[in-house]
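Thanks for coming, everyone. Let me put the structure up, and then we will walk through it.

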Amino acid sequence: MKKPLFIGSAVAIVTPFTDNGVNYQTLKELIEFQIKGGSDAIVICGTTGEASTMPDDEHIAVIKFAVEAINKRVPVIAGTGSNDTRHAIELSKAAEEVGADGILSVTPYYNKATQKGLYEHFKVIANNVKIPMVLYNVPSRTNLNINPETVKALSQVDNIIAIKECNLGQVGDVVNLCGEDFAVYSGDDNTVLPMLSLGGKGVISVMANIIPQDTHNMVERFFQGDSKGAIKLQLQTLNLIKALFSEVNPIPIKAAVNLLGFKAGHCRMPLTEISENNLELLRTEMKAYGLL
């Protein structure tokens with residue numbers, strides 16, 4: 001039996017930046033906000049955390065800070081993916097050394113890979129650490145899909161225990177091929193309930209940055225048999241989600257976190273400030289949701 005790192009909602013937490021580095025005080029506040037709000041795990045240094053703009057020393061320092069601040073209250077999953085296998089191994093080993101409970105590893109972007117290459121890439125990373133590994137399949141960003149048969153082969157590696165899946169169309173095949181021991185998490189906030197209905201175990205969520213309790217409750221209600229309550233929450237979030245993805249993530253969610261009063265700062269280049277029109281849309285939807 002493979003034990004999932006979490007069942008429920010994990011937040012893909014933003015990284016608050018200053019002009020000179022990371023705003024650790026705000027990161028601590030955001031972590032406490034998430035734990036108080038019921039998030040079941042925290043994903044640090046993922047896509048939403050802008051890990052691709054972070055030098056390795058800063059990347060690992062942020063993971064270490066999160067591990068110490070969270071102090072085993074919920075699992076810490078560290079983004080350590082790379083399109084350079086050796087680099088991904090180095091980041092993964094470093095995350096393990098500073099205490100991460102698991103790693104999240106994205107498909108290798110730009111240079112891409114064959115399905116055989118994907119298998120070998122993820123297998124060798126997993127074999128270099130002892131902590132659990134979550135695959136991350138996001139074809140819209142990487143132009144590369146992990147086929148269900150490849151997921152099945154990877155699920156037979158002892159410490160590859162889950163996938164963050166953004167390709168809803170293949171979720172049923174992944175669940176059928178890999179079985180209940182292998183956790184499938186939604187990578188898209190607007191398809192949490194469809195993913196759960198096909199056997200998913202939860203979500204790794206962007207919207208949880210600002211509505212952690214509702215995101216947690218959506219999944220919890222589903223598993224408690226309150227499908228109507230879960231569907232109501234999913235439908236309630238849709239307009240907010242549209243505003244949160246009016247521009248490329250994490251531009252809007254970082255703006256939303258700032259609107260809540262946290263000093264999350266700006267996104268790093270090449271990401272830019274949210275447009276005035278989309279900021280107004282975001283503000284309107286946050287007000288409608290009762291957040292402002």
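In which hand does α6 pass α7: left-handed or right-handed? The crossing of α6 past α7 is right-handed. Right-handed here means that the near helix is turned clockwise from the far one by less than a right angle, and left-handed means anticlockwise.

Some ground rules. This is a predicted model, where local features need pLDDT of at least 70, side-chain atom pairs count only at pLDDT 80 or more, and totals for chains, interfaces and linings use all residues. Residues are numbered from 1 along each chain as its sequence is written, and side-chain values use heavy atoms, with hydrogens and water left out.

Back to that helix pair. Two packed helices are described by the angle between their axes and the distance between the axes. Helix α6 is residues 148–155, and helix α7 is residues 171–178. Their axes are 9 Å apart, at an angle of about 35°. Axes are lines fitted to C-alpha atoms, for helices over the stretch in contact, and angles run from 0 to 180 degrees between N-to-C directions. Helices are DSSP runs of H or I with at least four residues, strands are runs of E with at least two, and both are numbered from the N terminus. Who meets whom? On the α6 side we have Pro148, Glu149, Val151, Lys152 and Ser155. On the α7 side we have Asp173, Val174, Leu177 and Cys178. Contact means heavy atoms within 4.5 Å.

Next pair. Helix α1 covers residues 24–36, and helix α2 covers residues 56–70. Their axes come within 10 Å and cross at roughly 45°. So α1 and α2 are oblique to each other. The cut-offs: under 35 degrees is roughly parallel, over 145 roughly antiparallel, 65 to 115 roughly perpendicular, and the rest oblique. α1 passes α2 in a right-handed crossing. From α1, the contact uses Tyr24, Leu27, Lys28, Ile31, Glu32 and Ile35. From α2, it uses Glu58, Ala61, Val62, Phe65, Ala66, Ala69 and Ile70.

Now the annotated residues. Which residues does the "active site" annotation cover? According to the unreviewed UniProt entry, they are Tyr136 and Lys164. They are spread over 29 residues of sequence, but they cluster in space, with a largest C-alpha distance of 4.7 Å. Both Tyr136 and Lys164 are in the lining of the second largest cavity. A word on UniProt: positions follow the numbering used here, feature names are shortened, and annotations may be inferred rather than shown by experiment. A cavity is a set of points, on a 1 Å grid over the protein atoms alone, where a 1.4 Å probe fits but cannot get out; lining residues have an atom within 4 Å of a point.

Take them one by one. Tyr136 sits in strand β5, residues 133–137. Tyr136 has a relative accessible area of 7%, so it is buried. Buried means under 20% relative accessible area, exposed over 50%, and partly exposed in between, with a 1.4 Å probe and protein chains only. Setting aside residues up to four places away in sequence, Tyr136 touches several others, among them Thr47, Leu104, Ile146 and Lys164.

Lys164 is in strand β6, residues 160–165. Why does Lys164 count as buried? Because its relative accessible area is 6%. Its contacts beyond four places in sequence include Tyr136, Tyr185 and Ile204.

The unreviewed UniProt entry lists Thr48 and Ile204 for it. The lining of the second largest cavity takes in Thr48 and Ile204.

Thr48 is in the loop between β2 (41–44) and α2. With 3% relative accessible area, Thr48 is buried.

Ile204 lies in strand β8, residues 202–205, and counts as buried at 2% relative accessibility. Beyond four places in sequence, Ile204 contacts residues including Phe6, Val43 and Lys164.

One last stop. Ala126 is in helix α4, residues 115–127. Ala126 is buried at 1%. Ala126 and Val157 are 31 residues apart in sequence and 7.8 Å apart in space, C-alpha to C-alpha. Leaving out residues up to four places away, Ala126 touches Met133, Val157, Asn159 and Ile160.

Methods:
1 Å grid on protein atoms, 1.4 Å probe; cavity = no way out; pocket = protein on both sides within 12 Å on 5 of 7 lines; lining within 4 Å.
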